[in-house]
Amino acid sequence: MNDTPVSRREFLAVTSTGAVAALAASGLAADTVLTRNAGKLALTGGQPVRTKGWPGWPVWDPSAEGDILAVLRSGNWFRGQGTRVTEFEKRYAELLGAKRCVATASGTTALVTALHTLGVDAGDEVIVSPYTFVASYNVIFMVKALPVFAETDPETFTIDPARIEERITDRTRAILPVHILGLPAAMDPILAIARKRNLVVVEDACQAWLAEYNQRKCGTLGDLGCFSFQNSKHLPSGEGGAVVGNDEQLVDRCHSYHNCGRAFGSFQPAGGNPIRGTNFRMQEFQAVILMSQMKRLEADTQRRWENGQYLTSRLKNIPGIVPHKLNPGTTRAVYHLYPFRFKSEQFGGVSRNKFLEALSAEGVPCAGGYGPQHKDGLIEEALKSRGYQRLFSKERLDRYREENVLPRHTQLCREAVWLSQNMLLGSKEDMDDIVKAVEKVYENRDKLA
Ligand SMILES: Cc1ncc(COP(=O)(O)O)c(C=O)c1O
């Protein structure tokens with residue numbers, strides 16, 4: 001079974017075009033083939049459920065052209081000379097109901113800024129969800145701390161709060177829950193643990209713009225929340241990111257850190273640069289694109305949410321298909337990816353990869369998603385490095401390896417199936433095509449074993 005994470009490019013490459021090309025090459029009129037092959041899987045030469053494409057992404061808004069040109073012609077491309085990044089920060093904070101925002105170069109740099117500013121330091125430990133993109137734990141290594149993975153709840157695809165406390169040691173400084181795929185993590189129990197154990201919480205909301213938990217936006221519930229605006233994201237600008245928070249002084253320090261440690265706002269120490277800092281600044285062009293993309297975000301988000309709920313209501317009736325559950329308290333999931341679990345036993349032993357192939361051939365692109373990231377090779381590489389051998393005792397690192405066993409998470413990685421966010425921008429009929437294709441594969445499962 002292939003547990004390798006699938007890149008967006010690979011994901012999108014799995015489209016119905018192969019099936020369409022095969023049909024054209026057969027020399028038969030489409031309706032002839034349709035009648036003859038009704039019910040036969042596209043993978044075995046039948047007519048695909050769908051030959052139409054899916055909504056494209058990103059969607060470019062021509063109204064942004066004038067603003068981009070104005071920035072270009074002004075020569076003020078850097079935020080220190082322009083006004084657009086500052087304006088975006090204000091508007092994004094307002095949109096989320098957060099007090100403040102600092103725009104950054106990426107989601108990764110937003111996370112580093114948040115961890116550093118909250119005092120996560122060399123030799124600390126951070127509890128993190130393993131069902132996530134590599135950046136969520138890479139950033140912990142970047143601040144020279146140890147990412148400690150807590151078990152995933154396979155029903156919700158998010159960190160299991162009941163399995164966090166067993167991972168806390170006297171070095172633990174932070175919890176980094178991830179609202180993965182746009183599904184809000186169980187923030188109430190996570191925040192309760194953090195309060196009880198005196199830990200800070202950095203939300204990785206890099207896939208969760210406008211997702212809601214108890215009617216509050218994800219990213220505004222912990223000490224700081226981080227977002228990505230990379231090209232595939234619901235609010236895209238090629239690259240980009242943001243840190244949001246409600247503690248003005250803390251966000252001022254984030255701003256300072258992302259701007260070479262210079263004084264900012266309430267952070268006005270006398271003389272020189274009193275804190276370490278770096279350059280994680282966003283460009284003016286990115287802010288213009290983001291403000292233009294923000295115009296469509298709410299309507300798109302609502303559509304994905306409605307289509308996602310509709311898919312769940314239909315897919316749950318198909319044997320062997322287990323839709324994700326939403327954590328109690330979720331008031332809106334935003335589906336950067338729509339996930340369900342595939343149970344091979346109920347598909348007569350058909351492998352997940354075969355299922356993915358068959359569904360893709362029906363015109364429904366899909367992917368298997370993240371592999372067991374807690375076994376990512378970069379972890380051993382870090383643990384064996386000179387720095388980590390100095391920062392952590394041999395006993396701690398041996399115990400870390402011993403305990404880094406997550407059977408439920410690993411099983412989820414074998415069973416997950418993802419549909420990408422752009423598909424959820426389609427119509428109800430488009431969602432019906434997805435359901436029809438899954439049903440068809442189920443009905444023909446004996447032809448795939
Ligand atoms: C969950 C998660 N965290 C962090 C990141 C990092 O964001 P960026 O690619 O903007 O650095 C991503 C990006 O895909 C992500 O999906």
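Leaving aside neighbours within four places in sequence, which residues is Ala114 in contact with? Ala114 touches Val202, Leu224, Cys226, Val243 and Cys254; contact means that two C-beta atoms, placed from the backbone, lie within 7 Å. The model is predicted: local features need pLDDT of at least 70, side-chain atom pairs count only at pLDDT 80 or more, and totals for chains, interfaces and linings use all residues. Residue numbers start from 1 along each chain as its sequence is written.

**Overall build**
- The protein chain holds 16 helices and 15 strands. These elements are DSSP runs numbered from the N terminus: helices are H or I with at least four residues, strands are E with at least two.
- The radius of gyration is 23 Å, close to the 22 Å that the globule rule gives for 449 residues, so the chain is as compact as a globular protein of that length. The radius is taken over C-alpha atoms, and the rule is 2.2 Å times the number of residues to the power 0.38.
- Along its principal axes, the C-alpha trace spans about 80 × 60 × 40 Å.
- Of the 449 residues, 48% count as buried. Buried means 20 or more other C-beta atoms within 10 Å of the residue's own, exposed means 12 or fewer, and partly exposed lies in between; the C-beta atoms are placed from the backbone.
- Among contacts between residues at least 6 apart in sequence, 71% join residues at least 24 apart.

**Nonpolar core**
- The largest nonpolar core has 120 residues. Such a core is a set of buried Ala, Val, Leu, Ile, Met, Phe, Trp, Tyr and Cys residues joined through C-beta atoms within 7 Å.
- Ala114, Leu115, Ala174, Val202 and Cys226 touch the most other members.
- Helix α10 (residues 284-315) gives the largest share of this core, 7 residues.

**Strands β1, β10 and β11**
- Strand β11 (241-245) has 5 of its 5 residues buried, so it is largely enclosed by the rest of the structure.
- Both faces of β11 are covered. Gly241, Val243 and Gly245 lie on one side, with Ala242 and Val244 on the other.
- In a regular strand the side chains alternate between the two faces of the sheet.
- β1 (100-104) is likewise largely enclosed, because 5 of its 5 residues are buried.
- Arg100, Val102 and Thr104 point one way from β1, and Cys101 and Ala103 the other.
- Antiparallel β1 and β11 are joined by 5 bridges, with Val102 opposite Val243. Two strands pair if DSSP finds at least two bridges between them.
- β10 (224-228) also runs antiparallel to β11, through 4 bridges. Here Cys226 stands opposite Val243.

**Helix α9**
- Helix α9 (residues 248-258) has 9 of its 11 residues buried, so it is largely enclosed by the rest of the structure.
- The buried residues are Leu250, Val251, Asp252, Arg253, Cys254, His255, Ser256, Tyr257 and His258.
- Their cover includes β1, α6 (107-117), β10 and β11.
- Cys260 follows α9 and has a positive phi, near 65°.

**Around the ligand**
- The shell around the ligand has 15 residues, of which Ser106, Gly107, Thr108, Cys206 and Ser228 come nearest. A residue is near a molecule if its C-beta atom, placed from the backbone, lies within 6 Å of it.
- α6 and α7 (135-142) each supply at least two residues of this shell.
- The shell divides into 5 nonpolar, 9 polar and 1 charged. Ala, Val, Leu, Ile, Met, Phe, Trp, Tyr, Cys and Pro count as nonpolar, Asp, Glu, Lys and Arg as charged, and the others, Gly among them, as polar.

**A three-stranded sheet**
- In the order β9-β8-β13, 3 strands form an open, antiparallel sheet.
- The edge strands β9 (216-217) and β13 (330-332) each pair on one side only.
- β8 (residues 212-213) is joined to β9 by 2 bridges, and Glu212 stands opposite Lys217.

**Leu176**
- Leu176 lies in strand β6 (residues 172-176). This residue is buried, with 29 other C-beta atoms within 10 Å.
- Leaving aside neighbours within four places in sequence, Leu176 is in contact with Val126, Ile127, Val128, Ser136, Val202 and Asp204.
- The C-alpha atoms of Leu176 and Val288 are separated by 30 Å, and the two residues are 112 apart along the chain.
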